[in-house]
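Reader: I have a new model open next to its sequence, and I'd like to walk through it with you. Could you keep to what can be read from the coordinates?

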Amino acid sequence: MSLVLGIDTGGTFTDGVLLDLNTKEVMGKAKAFTTREDLSIGIRKCIENMGDLDPRQVQLVSLSTTLATNAIVEGRGCRVGLVLIGHESTGNLPAHQVFVVRGGHDIKGIPVEELDLEAIRKAVTEMRGQVDTIAISGYLSIRNPEHEQDAQRIIQALWDVPIVCAHQLTTALGFHERTVTACLNARLLPIIAELLAAVKIVLKEKGILAPLMIVKGDGSLMSETMTREKPIETILSGPAASIVGAIFLTGSDSALALDMGGTTTDIAILEKGRPRMNREGATVGGWKTRVEAAEISTFGLGGDSHIQVTKDRKLIIGPKRVWPLSVIANKYPSLIGELQRVDPHREIMNAHPVDCFMLVKKPVKQDRWNTTEWKIIEALQSSAHNIFTLAEKVGLDPNLLPLKDLEQAQVIGRISFTPTDLLHVLGTFTEYNVSAAQEGARILARRLRLEIDEFVQKVLDEIQAALCMTILQSFADREGLRIKLNSEIGITFLLGTLLNGNQKRGFNTQITLDYPIVALGAPVCGYLPAVGSALNTPVLIPTHAEVANAVGAASGQVAEIVRVLIKPGVAGGYVVHAPWKREAFLYLEEAERDALDKAKEVALERAKRAGVVDPELLVEKEEILSHTAGGDDVVFLETRIEVTALGHPTWEG
């Protein structure tokens, strides 16, 4: 039997599946907590939780990871030196040092100035020892990459340092976005290399010697080698894997895929079995990139969203993520007794009576934390505690506990009531500690002055209404409308009638989605059926929905895309603008034939390097013409050629 091991490192859980691609059967699955300080720990535990596993049957390992996305959002990574060719910086850039040298090209790919070789050598001298990697971005290098290629050769001859060229990452216009993409890619090089090395150590420990593939932001796979070169392409890897999993598990060609994870709910619309792609490039951590990724709407509502009742009796759900009471009480059952002693009406600054805390990792550096913070760390060494019990152990009033910095540094983690706990109270999902969830519900219900069953129904209605709103918001996002439905008073009034079941306003509201909902993630069984009813559409919750991301990682295909542009030459003839070089031809037919042959060759070579034995080639050719004003003459503007090499990676065992 030949199996693929799919692994997804989510915000809360690391999921794993063993997939037989021939029979399309999930032969095994498991979960473990994601260990963000070292993802390999969670991956190791996930594999161990699968039980008996014959490593000889695993022919491929495929990983979807949050690492690149999180690193960009958190500003982590190495020091980047940036060489800009032919243009000044047009905005903020994620680089440690920036140098501008003469050179660059015009829109036709013709040099504007000669490349200033001496300035590049001087920049290398100044950067040496100050940066860890170098990014090179030339003005309009997508029309002619020669200046970036020359600069790379010069730097490599002077200094053995990782170098990233913008033209290798994207063929899209947008100098600033291409530059950002190159800088972020350079920043991520050591981070992704460290992850891959750690994962390979875990696989070797388990006797799994199969090749390792990584899920890209468009849902396709790339090899370990390519991942080391282009880590930026793994941004939004996890949400993309869930889309692939939705298609694989349901066979749906047209659907709205909704993945409710621990931290967020991700929504993508599928048409013809594929998600719509964001051709303009994904935005991550406030940085606009030129990385093509699936068009996904992300909302801060998940199974671990913090459910709070404020002192003025307002119910708030999310977007902050906490650890569920039910999950942590499984490990620390003493929390139940501590919650039973809580006075629900006692107010605390920067916390709530139901909040508890646990030690996530004991810090190594002794000097960063003061005496009181160390007392908190020591108090949480053996067990998690409710905030009132923690205050007693430290000997302070709960309002005086210095928790903020410890929590931000992820030394301690906050535990509180969440949608996952709500499902435990309802009895819909009882994987963890039901009693802890019930105690949390009791405290919050009393703060709202409701009976527990009334409180549970109120929260359930609010979560289902919020999910309906996120679905409708995703359609607004798809249309490019810059509106927030939950902030528009008129829209909220109308949708409130639909979503909150309030039919006492003299009119009824109905909405019918044109797509069925494919619901993925562990919490969806408790929430999505009612959402489907409210939106008058069927809800499909496939078997293995709780590990759909890992299924998507395992079932993904390699998709190597090569794009070439052909434009009229300045002095006649035609010019081919390809990722490898700019080349002139006398005749259009000759230019198209040469460009297509070379694009096929490059796409096939890349796919075979990724392990696809017999790739399928897809060719798209679009000719752009213009008609002269008032006449029948046709003017040739450009030809766009796109070649895609597709296939599942396979290796002989």
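Reader: Let me start with a detail: where is Asn536 found?
Author: This is a predicted model, and in it Asn536 is found in the loop between α17, residues 524-534, and β26, residues 539-540. Its phi is near 55°, which is a positive value in a residue other than glycine.

Reader: Is Asn536 buried, exposed or partly exposed?
Author: Asn536 is partly exposed, with a relative accessible area of 36%.

Reader: And what about the phi of Gln410?
Author: Gln410 is not a glycine, yet it has a positive phi of about 60°. As background, most residues other than glycine have a negative phi. Gln410 is found in the loop between α12 (404-408) and β24 (412-416), and it is partly exposed, at a relative accessible area of 34%.

Reader: Switching to the backbone, which residues does a cis peptide bond join?
Author: A cis peptide bond joins Gly318 and Pro319, with omega at about 0°. Pro319 has its place in strand β20, which covers residues 315-321.

Reader: Let's zoom out, then. How many helices and strands are there?
Author: The secondary structure comes to 19 helices and 31 strands. The radius of gyration is 27 Å, close to the 26 Å that the globule rule gives for 653 residues, so the protein is as compact as a globular protein of that length. Taken along the principal axes, the C-alpha atoms fill a box of roughly 85 × 65 × 55 Å.

Reader: What share of the residues is buried?
Author: Buried residues make up 54% of the 653. Among contacts between residues at least 6 apart in sequence, 67% join residues at least 24 apart.

Reader: Which residues touch the most other members in the largest nonpolar core?
Author: That core has 77 residues, and of these Phe455 and Ile471 touch the most other members. Helix α15, residues 452-478, gives the most to this core, with 11 residues. Leaving aside neighbours within four places in sequence, Phe455 is in contact with Leu315, Phe417, Ala441, Leu444, Ala445, Leu448 and Leu450. Apart from this core lies another, of 50 residues, among them Met50, Leu63, Leu84 and Leu188.

Reader: One more spot: where is the place of Leu173?
Author: Leu173 has its place in the loop between β8 (163-165) and α5 (175-205), and it is partly exposed, with a relative accessible area of 43%. Leaving aside neighbours within four places in sequence, its contacts are Ile107, Leu140, Ile142, Arg143, Arg178 and Arg290. The C-alpha atoms of Leu173 and Ser141 are separated by 9.3 Å, and these two residues are 32 apart along the chain.

Reader: Last topic, charge: how many positive and negative side chains are there?
Author: The protein has 68 positive and 81 negative side chains, and the centres of the two sets lie 4 Å apart. As for the surface, its accessible area comes to about 28900 Å², of which 48% belongs to carbon and sulfur atoms.

Key. Residues numbered from 1 in each chain as written. Predicted model: local features only at pLDDT ≥ 70, side-chain atom pairs only at ≥ 80, totals over all residues. Heavy atoms only, no water. Helix = DSSP H or I, 4+ residues; strand = E, 2+ residues; numbered from the N terminus. Rg over C-alpha atoms; globule rule 2.2 N^0.38 Å. Buried < 20%, exposed > 50% of the residue type's maximum accessible area, 1.4 Å probe, protein only. Contact = heavy atoms within 4.5 Å. Areas by Shrake-Rupley, 256 points an atom, 1.4 Å probe, with all protein chains shown as cover. Lys, Arg positive; Asp, Glu negative; His and termini not counted. Charge placed at Lys NZ, Arg CZ, Asp CG, Glu CD. Core = buried A, V, L, I, M, F, W, Y, C linked by side-chain atoms within 4.5 Å.
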